[in-house]
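Visitor: I would like to go through this model term by term, asking each time what a word rests on.
Guide: Then let us set each value beside its definition.

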Amino acid sequence: MIAARASGRGGAPRHPPTFTMQEFYKKSLLVLIALLAVDALVAVLFIFLSQPTYTLSPALRDGVRWEAVASADGDQGGTSTVRLGESGPDKLAFDYKLTKTAHYPFAGAKFVAKDAKGNLATVDLSKYDTITFLARCSPADPMVFGLTIFDDKISTPGQFLTYRSPVTFFSCNQQGVPVSLDMRRMTIPGWWFYMMKLDLASQGYKLDKVAVLAFGSSSQTPFNIDSRVEISNIRLRGHDYRYIAALAVILLAGWILFGVWFFRTHARTLAASVNYRLKKDLPLVAYRQLTVAPYRDEEKASVLKFIATNYTNPELDLESIVAGTGANRNKVNEVLKTELGMTFTSYLNKLRLTEAARLLTEKSAATIAEIAYSVGYANVSYFNRLFKEEYGCTPKSFRTLAPRQAPPGEPASGESASSKKVGNG
């Protein structure tokens, strides 16, 4: 076959590059998928770590355990009653009846922090800002949630009345109400400031020394009615934004590394691909070979020679070949199919683009438009599109990536005169 002979004479590379652009894109897709999967796993882990949770366990944890204790107004001379029910790490249940005897009637239950020896203790809950739970009560009533926090400046150890005691309200009914309370935005009652002789403006508190978490009746709780309260799924939740910052840094670093790898590998692969295509296609400067190669079939030789010498004519088409050679359309198509394995349009574009590639490497001063016109393309945009489809890059990029070809008669870049002499020999 003529194409094979032309390739053999031109010294086209025997083996294609080991890493083609197609393989590069496949590998890039696999790396991208792997990166996304790793990012998803890291994101899930860090988001989980950024949202710490805490339960009020009766078991010893970090030297402290939480004990469920009934609480009523008996120390104020009141007669309200409380009976503690089932309790656990995330559950507190109690039955109570509120009476009017005390000046400040109250009934409820609380979790009290104690150390391994059973002594009162405090717990640092400063990394938690929210408490969530499910509240059921019968009858439906507004309830109170409160904290008891030791204050180094004013509190007396063991005397809870001297501890800061911020409170807030939540709704409760028989069906169950999901509750979420911000533990940092609660209010300390005015009577406590009056009792402690402090300024009402001193509402600030910290969660670093929490001694008690309490649930109980409010000022709207009806008197002398048997009531039941169940608080379940108790969780303290926090937000550690250090993990979010670390996640952002890790994700950004991963994508930067991927971007650097992608663009560097893309550039190397594209350069290798262009170099290979250039070396492979230069032998198909078939018009040089075809015009001098002997053929037994004169009509066939006439068709090939006509195309090879007129391919730069923008008006060249099958009709002009038929008119110029005397061969019919079927003969022209048969010649191109049997000898080159191409259609007329494919072969014509191949000749033009191959010559354009040669000119791009040899004539650095010529513009892209000049080269497009010189090889038979009247439309530069169309030339650019065909060239990119053929070589995988634009003519401008090709000129940068492809090694400079020496003019005929001179050694190519990197090729010594002696090696050329051996090759010619």
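Visitor: What share of the contacts in the protein chain with a separation of 6 or more comes from residues 24 or more positions apart?
Guide: Such residues account for 73% of those contacts, where contact means heavy atoms within 4.5 Å. This is a predicted model, in which local features need pLDDT of at least 70 and side-chain atom pairs count only at pLDDT 80 or more, while totals for chains, interfaces and linings use all residues. Residues are numbered from 1 along each chain as its sequence is written, and side-chain values use heavy atoms, with hydrogens and water left out.

Visitor: Why is Thr-221 called buried?
Guide: Buried means under 20% relative accessible area, exposed over 50%, and partly exposed in between, with a 1.4 Å probe and protein chains only. Thr-221 has 3% relative accessibility and therefore counts as buried. Thr-221 is found in the loop between strand E10 (210-216) and strand E11 (227-237), and, leaving aside neighbours within four places in sequence, is in contact with Tyr-96, Leu-98, Asp-141 and Pro-142. A polar atom of the Thr-221 side chain also lies 2.9 Å from the backbone nitrogen of Ser-218.

Visitor: How do you know whether Ser-217 is buried or exposed?
Guide: Ser-217, in the loop between E10 and E11, has a relative accessible area of 5% and is therefore buried. Not counting residues up to four places away in sequence, Ser-217 touches Tyr-96, Leu-98, Pro-105, Phe-106, Ala-107, Met-143 and Val-144.

Visitor: And what makes Val-44 count as exposed?
Guide: Val-44 counts as exposed because its relative accessibility is 59%.

Visitor: Why are H9 and H11 called roughly perpendicular?
Guide: Angles under 35 degrees count as roughly parallel, over 145 as roughly antiparallel, 65 to 115 as roughly perpendicular and the rest as oblique. The axes of helix H9 (residues 344-362) and helix H11 (residues 380-391) cross at roughly 90 degrees and come within 11 Å, so H9 and H11 are roughly perpendicular to each other. Among the residues that meet are Leu-353 and Leu-360 in H9, and Phe-383 and Phe-387 in H11. The residues of this contact divide into 9 nonpolar, 2 polar and 2 charged, where Ala, Val, Leu, Ile, Met, Phe, Trp, Tyr, Cys and Pro count as nonpolar, Asp, Glu, Lys and Arg as charged, and the others, Gly among them, as polar.

Notes:
Helices (H or I, at least four residues) and strands (E, at least two) are DSSP runs, numbered from the N terminus. A polar contact is a pair of N or O atoms within 3.5 Å; within protein, one must be able to donate a hydrogen and the other to accept it, and residues adjacent in sequence count only if both atoms are side-chain atoms. Axes are lines fitted to C-alpha atoms, for helices over the stretch in contact, and angles run from 0 to 180 degrees between N-to-C directions.
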